[in-house]
Amino acid sequence: MTGAAHAGSCFYLSLYNRAMINTSLSILSMTLSFLYRGTIYMAVCLFFAVSCKKEVALPDARLAPEMATPVNSLRNRGCRCGADSMPPAPPLVWNAQLGAAAAAHAKDMYSNNYFSHISPQGSSPIQRAQQAGYAGSYVGENIAKGYTSTGEVMLAWQLSEAHCRAMMDTLYKEIGAAEYNGYWVQEFGR
């Protein structure tokens, strides 16, 4: 994907490895300090401090509360989803837990190079929402990738019958949404 940041070149140290390095450095520094009266000790510590990179985490996904506005505009006026005319529907309310679930899923799809409602570990949209603290009983999800703006992805979802129906479904009362490196997720809940 053009312009996408990749984390493949980052050097990660696990807590276990970090503990081993710290222990090794302590033993090495005591030995060198004793044997060489501190001269090489300073150079070795400087080498390890400069050459060992810190863990670099991927940035957080961008929550997209502004996506509630075009979804609610669509719901307010009604629309056609495929061949069916959808009547106006009540507005959705932004939900932070659904937003967190959307953000986690967008980031996971990008990081693990997949595109699906079910993660490679087998988690479903409702499981991810519950893990994010959502207490609702129903969760629906729209996903997309490769779009650069909210307007583009909203138009694509509106032109897709199943995605359009999810946005217009009167069962849902809440929405959360996020984008991460071109991966878009809408979570609907009740």
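Predicted model: local features only at pLDDT ≥ 70, side-chain atom pairs only at ≥ 80, totals over all residues.
Let me begin with the largest nonpolar core, which has 22 residues, and in which Met67, Val71, Trp157, Met167, Met168 and Phe188 are the residues with the most contacts inside the core. At least two residues of this core come from each of helix H3 (68-77), strand E2 (79-81), helix H6 (150-159), helix H7 (161-168), strand E6 (174-180) and strand E7 (183-189), and H7 gives the most, with four residues.

If we stay with Met67 for a moment and leave aside its neighbours within four places in sequence, we find Met67 in contact with Thr150, Val153, Met154, Trp157, Ala177, Trp184 and Gln186. There is also a second, separate core of 12 residues, with Ala103, Ala106, Tyr110 and Ile143 among them.

Now to strand E7, where seven of the seven residues are buried, so the strand is largely enclosed by the rest of the structure. Both of its faces are covered, with Tyr183, Val185, Glu187 and Gly189 buried on one side and Trp184, Gln186 and Phe188 buried on the other.

As for its partners, E7 pairs with strand E5 (residues 139-145) in the antiparallel sense over seven bridges, and here Asn142 has Gln186 as its bridge partner in E7. E6 and E7 also run antiparallel and are joined by seven bridges, with Gly176 facing Glu187 of E7 as its bridge partner. Finally, the hairpin of E6 and E7 has two residues between the strands, and in this hairpin Asn181 takes a positive phi near 45 degrees.

Notes:
Residues numbered from 1 in each chain as written. Heavy atoms only, no water. Core = buried A, V, L, I, M, F, W, Y, C linked by side-chain atoms within 4.5 Å. Buried < 20%, exposed > 50% of the residue type's maximum accessible area, 1.4 Å probe, protein only. Contact = heavy atoms within 4.5 Å. Pairing = 2+ DSSP bridges.
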